[in-house]
Amino acid sequence: MKPILCDSHMHVFSRSVVPAGASYVPPAKDLNDYLEEASLGKIGRAVIIQASVDGVDNSRLVDTLTAQQAIELRGVAMIDEQTQDLESLAKAGVRALRIQDRTRLGLNDLERLPQLANRAAEVDWHVELNTEPARYSRLQALLKGLPQGQQLVLEHFGHCDPNSTSDIEGLCRLLDSGRIWVKLAPTRVSKQVGQYQDLFGLVETLASQYTERCLWGSDWPHVMTAEPLPKTSDMLDFMTRALTQEQFLACLSDNPERLYRF
């Protein structure tokens, strides 16, 4: 059977409503736009990531997951200590919670990781973390307090600078723990968007050493990103060049199928 490719990091928004108090104005694009612009007839699965502007209101995420769609979907929600009925989110297709820890966004929630990770474990979720190299050491210290066996996914290469030896070494130390995964989503870290050649060495290193814990994501529809916007086709071309066939299938098919339980 032909492998089903998965985009493990994309967002959907309302075509008409901007969330109150949003830190940015998101593109007015929903899943139909994604299917038209970014799936390319090649991507049969996608993971919808709750965006920071939507906070802990996961209603649109759930509506999108539970509607009849042309591709298989899973979700990553944002919750807080008061969020109720995680079981209903899980039934809708949510497989993880997301924690924002980015100075750029004014959200530094890493210290909430232990408490939220315990809540995630109640429904057998993993944790996805949008963090940065300055926080790697603190994250390393927090890992031992997480529920046994729980996995943690770093978004956007952990915002690692591909030209920084210390960033790469710090990222690899986290991956060496055996419970960290990484999304090879290139658009936030590459300075050569479209070609991504500045990530070639980093992708080779991560995919060869941690083949079973690498994922790929497009980050569509590319919020807070200047024109011209990244193209999914360019990313897939780059991944084809940078990865062996075995690594490509692991990253874009086998690993997401296992982690998100498609």
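**Working through a predicted model**

Trainee: What does D85 count as, going by its relative accessibility?

Mentor: D85 has 44% relative accessibility, so D85 counts as partly exposed. The cut-offs matter here: buried is under 20%, exposed is over 50%, and partly exposed is in between. Keep in mind that this is a predicted model.

Trainee: Where is D85 found?

Mentor: D85 sits in the loop between β3 and α3. Its phi is positive, about 55°, although D85 is not a glycine.

Trainee: Why point that out?

Mentor: Because most residues other than glycine have a negative phi.

Trainee: Now peptide bonds. Is the one from W220 to P221 cis or trans?

Mentor: The bond from W220 to P221 is cis, with omega near 5°. The bond from E227 to P228 is cis as well, with omega near -5°. In general, most peptide bonds are trans.

Trainee: Where are those two prolines?

Mentor: P221 is in the loop between β9 (214–215) and α8. P228 is also in the loop between β9 and α8.

Trainee: And α8 itself, how does it sit against α9?

Mentor: Helix α8 covers residues 232–242 and helix α9 covers residues 245–260. Their axes come within 8 Å and cross at roughly 140°. Angles over 145 degrees would count as roughly antiparallel, so α8 and α9 are oblique to each other.

Trainee: Which residues make the contact?

Mentor: From α8 they are L236, M239, T240 and A242, and from α9 they are Q247, F248, C251 and L252. By type, six of these contact residues are nonpolar, two are polar and none is charged.

Trainee: What about the nonpolar core, how many residues has the largest one?

Mentor: It has 66 residues, and L113 and L206 have the most contacts inside it. Helix α8 gives the most to this core, with five residues. There is also a second, separate core of eleven residues, with C6, V153, L215 and Y260 among them.

Trainee: Back to L113. What does it touch?

Mentor: Leaving out residues up to four places away in sequence, L113 touches I99, V127, L139, L142, L146 and L152.

Trainee: Let's do α2. Which of its residues are buried?

Mentor: L61, T64 and L65 are buried in α2, which runs over residues 59–66. Down the helix axis these buried residues fall within an arc of 100°, so they line one face of α2.

Trainee: Why would residues a few places apart end up on one side?

Mentor: An α-helix has 3.6 residues a turn, so residues three or four places apart point the same way.

Trainee: What is on the face of α2 turned away from the buried side?

Mentor: That face carries the exposed residues D63 and T66. The buried residues of α2 pack against several elements, including α1 (31–37), β2 (43–49) and β3 (72–77).

Trainee: Last one. Is S8 buried or exposed?

Mentor: S8 has 0% relative accessibility, so S8 counts as buried. S8 is in strand β1, residues 5–10. Setting aside neighbours within four places in sequence, the contacts of S8 include V47, I49, K183, L215 and Y260.

Terms used. Residues numbered from 1 in each chain as written. Predicted model: local features only at pLDDT ≥ 70, side-chain atom pairs only at ≥ 80, totals over all residues. Heavy atoms only, no water. Axes fitted to C-alpha atoms, helices over the stretch in contact; angles between N-to-C directions. Helix = DSSP H or I, 4+ residues; strand = E, 2+ residues; numbered from the N terminus. Parallel < 35°, antiparallel > 145°, perpendicular 65-115°, else oblique. Contact = heavy atoms within 4.5 Å. Nonpolar A, V, L, I, M, F, W, Y, C, P; charged D, E, K, R; others polar. Buried < 20%, exposed > 50% of the residue type's maximum accessible area, 1.4 Å probe, protein only. Arc of directions from axis to C-beta. Core = buried A, V, L, I, M, F, W, Y, C linked by side-chain atoms within 4.5 Å.
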